[in-house]
Amino acid sequence: TTEIYTLSLHAALPISKGWRAGAVVLPSVHLRQGALGPRERPFSVDDLYIDAGAESAAEVAAMGIRRMDPVALIRRPMNLAGGLLAAPAAARKGACAALADVARRYFKTPAAGTVVFAWTVADGLNRSGLLHVAHERGPFQEALLLDTGFGWEAAEGKPPSPRPLPTPGSGPIGAGRLPEGFAGITVAPHLEPGGGMAGSPDWGSARVGYLGLPARNPGTPVETIALHDAEALADTLLAALGGHGTGVPGPPLPPPPAITEPVTGHADAAKLLASLVSRYGVSGAEAPVREEVLRSLPAWAKPETDAKGNVTMTMGHGGDPLLFVAHLDEVGFRVQEVLPDGRLRLQTRGG
C-alpha cells in the first residue's frame, strides 16, 4: 500500500506544450506504526522515483522528458482572506514582483548615477547568478538584496537555527546596512553570508543591505505572504531610490502553462473520476462524495442509504452473495477550534 503525492514534471518541450504530470510513490504512513525498524531509513531524494505514465524509456523520450529537466511541486497560488496569498516560494516570488513593479515605475533624477536591477538565478544552489552580476556589473557602492535568508540565525560554533519572523501584513523586513531611506523597516533575523549560506560575492567596501517579505510557514508549499507587504516593499524601494512616477501597466499576464495529458482514450473514466475526486469526503463527513456516487448510478439502480451513511445496492437474487466494497471517505481534518488570529486548530480524521 502506498501514499501518492502529485508533482509536476516539466518536459523539455516548447512552453506552449505545457507541463507533464507525474506522481511520487512513498511507503504508506498508515501501515507504519512507531519508530523505524532497524533496517529502515528515512525517505530521501535517493528514494525518489516519479511515475509519468510511461512504460518504457522510449515512451518517456517521446513525452519530451529528458535528463536534467527540473521537477517541482504543482504550483497553485491561493488567495486567502485578508489579502494573503499562499504558494511555494511566495516570499521570493513576491520580492521578484515588487522589483519588477519598481523597474516599471522608476525614473531616475538627473545625475543620480547608475542603478542596476537584477533577477538572479541559482540563488538556492550556489548563488552563481548573483556572483556573475557582481563580477560583470560591479564594483558597486551600494547593494540591496531582496533576500531569502530571513528567519534564520547562526551562532558561533553552532549550526543555523530558525527564528520567528514578523507576521504577514506587518510590512517589509530588513537586515544588514540599509540606506537611510529604509530607517523605518522592521529589522528581522537574517542569516548573513558565511553563516551557512553558500556563494556570496565579495562586495568590497560597498554598503550591503537585505530586504524581504515576512512569511508564515516559510519553505513549505503553503508559504504565506501579504500582498500589501509586496506593494509596500515596491513603494519603499522606489522612494529610497529617489525615483518618481506613476505605475506603468505591465503586459497582460499569460495563463499558467497547462498540464498536458499524454494519453487519450480514457475520457469517460477520467470525467467520472474527476467528479468524485473534486468532492471532499473527510472521514465522518462523506456526504458530498456519497451524493455524487448516487448521481452517477444508472436510472434502474435502487440504492439504499443506512443510518451510518453507507450506500448499498443489490443486484439479482439467489446463489451465493458476492460483496464489492469501496470507501467513500478520505484522510483529512476537522476544525476543532478557531484561534483569535483567524487560524484553525485541526483534529485528524482517518489514518
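A word on conventions before the tour. Because the model is predicted, local features need pLDDT of at least 70 and side-chain atom pairs count only at pLDDT 80 or more, while totals for chains, interfaces and linings use all residues. Residues are numbered from 1 along each chain as its sequence is written, and side-chain values use heavy atoms, with hydrogens and water left out.

**Salt bridges**

Let us start with the charged pairs. The structure holds 8 salt bridges, each being a side-chain nitrogen of Lys or Arg within 4 Å of a carboxyl oxygen of Asp or Glu.

| Pair | N to O distance |
|---|---|
| R104 and D101 | 3.6 Å |
| R105 and D235 | 3.0 Å |
| E292 and R279 | 3.4 Å |

R104 and D101 sit 3 residues apart, about one turn, within helix α2 (residues 90-105). Helices here are DSSP runs of H or I with at least four residues, strands are runs of E with at least two, and both are numbered from the N terminus. R104 is partly exposed, at 36% relative accessibility. For this label and its neighbours, buried means under 20% relative accessible area, exposed means over 50%, and partly exposed lies in between (1.4 Å probe, protein chains only).

The side chains of R105 and D235 also meet in a salt bridge. Since R105 lies in helix α2 and D235 in helix α4 (residues 227-240), this pair ties together parts that are 130 residues apart in sequence. R105 is buried, at 13%, whereas D235 is partly exposed, at 40%. D101, R104, R105 and D235 are linked in a network of salt bridges.

The E292 and R279 side chains form another salt bridge. Here E292 belongs to helix α6 (residues 287-296) and R279 to the loop between α5 (267-277) and α6, 13 residues apart. E292 is buried at 8% relative accessibility, and R279 is partly exposed at 30%.

**Helix α2 and its surroundings**

Among the buried residues of α2 are A95, A98, D101, V102 and R105. The helix's buried residues pack against β6 (84-86), β7 (142-146), β13 (224-226) and α4, where contact means heavy atoms within 4.5 Å.

**Strand β12**

How many residues of strand β12 are buried? The count is 5 of 6 in this strand (residues 207-212), so β12 is largely enclosed by the rest of the structure. It pairs with β7 in the parallel sense over 5 bridges, and L146 has L211 as its bridge partner in β12. Strand β10 (residues 173-176) runs antiparallel to β12, joined by 4 bridges, with I173 opposite G212. Two strands pair if DSSP finds at least two bridges between them.

**Nonpolar cores**

The largest nonpolar core has 20 residues, and V102, F182, L211, L213, I225, L233 and L237 touch the most other members. Both α2 and α4 supply at least two residues each to this core. A core of this kind is a set of buried Ala, Val, Leu, Ile, Met, Phe, Trp, Tyr and Cys residues joined through side-chain atoms within 4.5 Å. L233 touches A95, A98, L146, P172, L211 and L213, leaving aside residues up to four places away in sequence. A second, separate core has 12 residues, including A175, A188, W203 and A206.
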